[in-house]
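Please open the model in your viewer and keep the selection tool at hand. The tour below goes from one selection to the next and says what is there at each stop.

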Amino acid sequence: MNKQPNPDRSLIHFMLRAQQIAQQGGRSDRGYAMLIVSLVSIAMFSMLAAYMTMTNLSKSSTNAYVDGTNTFYAAESGLNKRAQQVRDKFVNYSTPTGTQIGGTTSVISAATISNCFTVAPGGTPTSNDFECRNYSFRYNNNIAASKTSQGETVINEQNDNRNSINYVAYTFVADVTKYTGTSTPQTPPTITIGSDETFGGLRAQEYQYTVYATANANQNIASGITSEETAAKDREKVPPSMLPGDPTLIASYDSKLAAANAANNGRATSNTNTNTVLQMNFKSRIIPIFQFGAFYDGDLEFNPSPPMTFNGRLHSNANMYMTAGNATTLTIDGIVTAVGNIYSGNPSLVNGYSAGGQVLITKSKLPTVTLALPANAAPTSTAVPVTSLSPYNAKLKDRTTPVTRLTLPDAGLLSKLDPNQSDGIGEYYGKADLRLEMYPDRAVPFGFQVISSGTGTTTTGAGVCSGAGNVFNNTTTSVNTVSVGRGNYSTAKCNDLKEGQLRSLMQPVLVRPRSTLEYTTFCTTAGAGTAPQTSTTPVPIAIKISTTPTDLAVKERILDALALTLAAQS
């Protein structure tokens, strides 16, 4: 069998042979031969050293790249996991609460994440949505190939902890909303959504949050533990009657695990290997739905009707079906948005209509220009999707845009009683500053409450703001009827209008000057109001306020008189 030549041995033979030749015959040039051999030897060893250095650099670069890539993905995983938790708060129609990391007076930035390095990964999250929450991710590059009984090759991950690395992702949340005022709970700014966005032109309250995440690299999980050591360690868990594990292998397992844990603790404290910091900025908008002319959480269908012009926005969280009546026109003068598809026709109709109807979309104003939806020969049996939206000048938007699905509050939030709330009160009802409730079976068919700041009082009896009986949980004592979600206003009190005041709401209040004094007091601007009657003709039932838009003082005085009249009712 031929053996591979040993380069070190060949080099020594070459040098000895060169020295022997130089010494033969006593020639005077033997010193030059040795010099040449020495130079060649130095050059070869230099090349070898350079090659080894390049190899080490390449290996270090590769390891750094792999480590950086794994760290990035670990940080990104932690970022996405934490962002989902924040999103879930808004899906449940609430907002993140708690104390921000670093204090409310500190400048929140990526560097703030250093506060999270001493927090152990895992654990049960608290009610503080801004706290540090850290997650462990394991990377294992140890795989092996095996064959099944059918001869198929299967690649399996080996869980014997060889070449395994544990990455810890550190995360926290920052509230970067630009609140208006200093009241608590703080009010987010009200914005007008940009015209280039799906719901452009609508008013919305906008919350802004940033999630930060980084990852700690090279958290060893006892690298080097062999399968034999793992098997010996596992034998400690079996009954004593079975063969115990090799003490030497168990000791080796424990030693390697202890060394890895010590290294992990040191890295977690110093965070010397952190090389990736990520952040995710996102917004959450609360859009009042009364800004829509029609809003459907499911499919929105237009049935054939007489000629009609619909002024206002249309939105469907599903599909939208549009149909006009026999030879009539349905004109939509507003932006139409659908999370699903927009169709011409409505197959669910039971009455037959001809195809002569036409649906027009107002694509521009001044001058008004409309464009018809695609023609449908059988609008009551087929639905033709609108496949090209560009001709409608962004007045039609569907899933191809795409259109964001708007999340609606559940019914409990809108009701007086909500069993899902800790205090049993519907969230909207509890947060309302003013409540007007209808009671058809009462002599005064409604109740009117105003929520004001102050300390609530413990009262009993039915029909009072802070009482029992028909109030919420039917207890005999109740400090107030304000939801705990109302923040600092949970100690507010309710002011009920008296019966006389409630009865006055059942009748119109007419404000009209009946004397020269009233006219000069409330209608001081020329042309405002109507002079008092001088004849015996009845006073018309009307209110005449200045038609000048800037005449606010006169309008305010008349409204003050209206309030005074209401409060003065017996």
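## Stop one: the disulfide

In this predicted model, the count of disulfides comes to 1. Select Cys116 and Cys132, which that bond joins with an S to S distance of 2.0 Å. Both cysteines sit in the loop between helix H2 and strand E1 (133-140), 16 residues apart, and Cys116 is buried, as is Cys132. If you turn the view to look along the bond, the torsion about S-S is about -70°, so the disulfide of Cys116 and Cys132 is left-handed.

## Stop two: along helix H2

Next select helix H2, residues 30-91, where you will find Phe45. Phe45 itself has a relative accessible area of 49% and is partly exposed.

Staying in helix H2, move to Lys89, whose partner Asp129 lies 40 residues away in the loop between H2 and E1. The side chains of Lys89 and Asp129 form a salt bridge at 3.3 Å, N to O. Lys89 is partly exposed at 24% relative accessibility, whereas Asp129 is buried at 12%.

## Stop three: aromatic rings

Now show the aromatic side chains, among which the structure holds 12 pairs. For Phe172 and Tyr212 the ring centres are 5.0 Å apart and the planes are at 15°, so this pair is stacked. Phe172 belongs to strand E4 (residues 164-175) and Tyr212 to strand E6 (residues 203-220), 40 residues apart in the chain, and Phe172 and Tyr212 are both buried.

Which residues are linked in a network of salt bridges with Glu206? Select Glu197 and Arg285, which complete that network with Glu206. The side chains of Glu197 and Arg285 meet at 2.8 Å, N to O, and since Glu197 lies in the loop between strand E5 (190-192) and E6 while Arg285 lies in strand E7 (residues 277-286), the pair ties together parts 88 residues apart in sequence. Glu197 is partly exposed at 31% relative accessibility, and Arg285 is partly exposed at 28%.

## Last stop: helix H3

Finally, select helix H3 (residues 227-234) and colour its buried residues, Glu229, Thr230, Ala232 and Lys233. Viewed down the axis of H3, these buried residues fall within an arc of 160°, so they line one face of the helix.

Notes
Residues are numbered from 1 along each chain as its sequence is written. This is a predicted model: local features need pLDDT of at least 70, side-chain atom pairs count only at pLDDT 80 or more; totals for chains, interfaces and linings use all residues. Side-chain values use heavy atoms; hydrogens and water are left out. Helices (H or I, at least four residues) and strands (E, at least two) are DSSP runs, numbered from the N terminus. Buried means under 20% relative accessible area, exposed over 50%, partly exposed in between (1.4 Å probe, protein chains only). The arc is that of the directions from the helix axis to the C-beta atoms. A disulfide is a pair of cysteine sulfur atoms within 2.5 Å. Rings of Phe, Tyr and Trp (its six-membered ring) pair if their centres lie within 6.5 Å; planes under 30 degrees apart count as stacked, over 60 as edge-to-face and the rest as tilted. A salt bridge is a side-chain nitrogen of Lys or Arg within 4 Å of a carboxyl oxygen of Asp or Glu.
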